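The account should go helix by helix and then turn to the loops.

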Amino acid sequence: MPNTPSAKKRMRQSVTRRARNRSTKTALRTLTRKIRESIAAKDVAKSEADFGTLVSKIDRASSKKVLHANTAARTKSRLSKAIKAIKAIKVK
């Protein structure tokens with residue numbers, strides 16, 4: 001347990017930040033899973049709509065250091081590539 005007042009404050013801050021970060025990461029994982037499911041179902045419209053929302057949330061999380069910048073870029077890139085692949089199949 002913390003002894004100094006500053007350590008006590010840091011502990012309170014870290015508990016609050018941890019809760020906020022966990023909530024953000026959970027929301028991102030859920031949205032990512034929904035997009036992957038719609039990609040598997042080859043639903044282009046739904047995946048593109050959800051992808052726009054996800055990109056916005058990922059960028060916000062990355063700018064607040066909840067996610068590492070490379071992790072954010074990698075996730076967006078892979079999902080974008082998967083959506084483009086199902087679009088190419090639909091066109092043919």
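At roughly what angle do the axes of helix α2 and helix α3 cross? The axes of α2 (residues 44-63) and α3 (residues 69-91) come within 10 Å and cross at roughly 170°. That makes α2 roughly antiparallel to α3, since angles over 145 degrees count as roughly antiparallel, under 35 as roughly parallel, 65 to 115 as roughly perpendicular and the rest as oblique. Axes here are lines fitted to C-alpha atoms, for helices over the stretch in contact, and the angles run from 0 to 180 degrees between N-to-C directions. Helices are DSSP runs (H or I, at least four residues), numbered from the N terminus.

This is a predicted model, in which local features need pLDDT of at least 70 and side-chain atom pairs count only at pLDDT 80 or more, while totals for chains, interfaces and linings use all residues. Residues are numbered from 1 along each chain as its sequence is written, and side-chain values use heavy atoms, with hydrogens and water left out.

On the α2 side, the contact with α3 is made by V44, S47, E48, F51, L54, V55, I58, D59 and S62. From α3 come A69, A72, T75, K76, L79, S80, I83, I86, K87 and K90. Contact means heavy atoms within 4.5 Å. By class, this contact has 10 nonpolar, 4 polar and 5 charged residues. Ala, Val, Leu, Ile, Met, Phe, Trp, Tyr, Cys and Pro count as nonpolar, Asp, Glu, Lys and Arg as charged, and the others, Gly among them, as polar. An α-helix has 3.6 residues a turn, so residues three or four places apart point the same way.

Within α2, the buried residues are V44, S47, D50, F51, L54, I58, A61 and S62. Buried means under 20% relative accessible area, exposed over 50% and partly exposed in between (1.4 Å probe, protein chains only). These buried residues of α2 pack against α1 (5-40) and α3. One of them is D50, which counts as buried because its relative accessible area is 15%. D50 touches L31 and I35, leaving aside residues up to four places away in sequence. At the start of α2, a side-chain oxygen of D43 reaches to within 3.4 Å of the backbone nitrogen of K46.

L31 and I35 are also among the buried residues of α1, together with L28, T32, S38 and I39. What covers the buried residues of α1 includes α2 and α3. In α3, A72, T75, L79, I83 and I86 are buried, and they pack against α1 and α2.

How do the helix lengths compare with expectation? The expected span is 1.5 Å times one less than the number of residues. The 36 residues of α1 should therefore span 52 Å, and its end C-alpha atoms are 52 Å apart, which agrees. α3, with 23 residues, reaches 33 Å from its first C-alpha to its last, close to the 33 Å expected.

The loops remain. K42 is found in the loop between α1 and α2, just after α1, and takes a positive phi of about 60°. K65 lies in the loop between α2 and α3, just after α2, with a positive phi of about 65°. Most residues other than glycine have a negative phi. K42 counts as partly exposed because its relative accessibility is 41%, whereas K65 is exposed, with a relative accessible area of 71%.

Definitions and conventions. Helix = DSSP H or I, 4+ residues; strand = E, 2+ residues; numbered from the N terminus. Polar contact = N/O pair within 3.5 Å; in protein donor to acceptor, adjacent residues only side chain to side chain.
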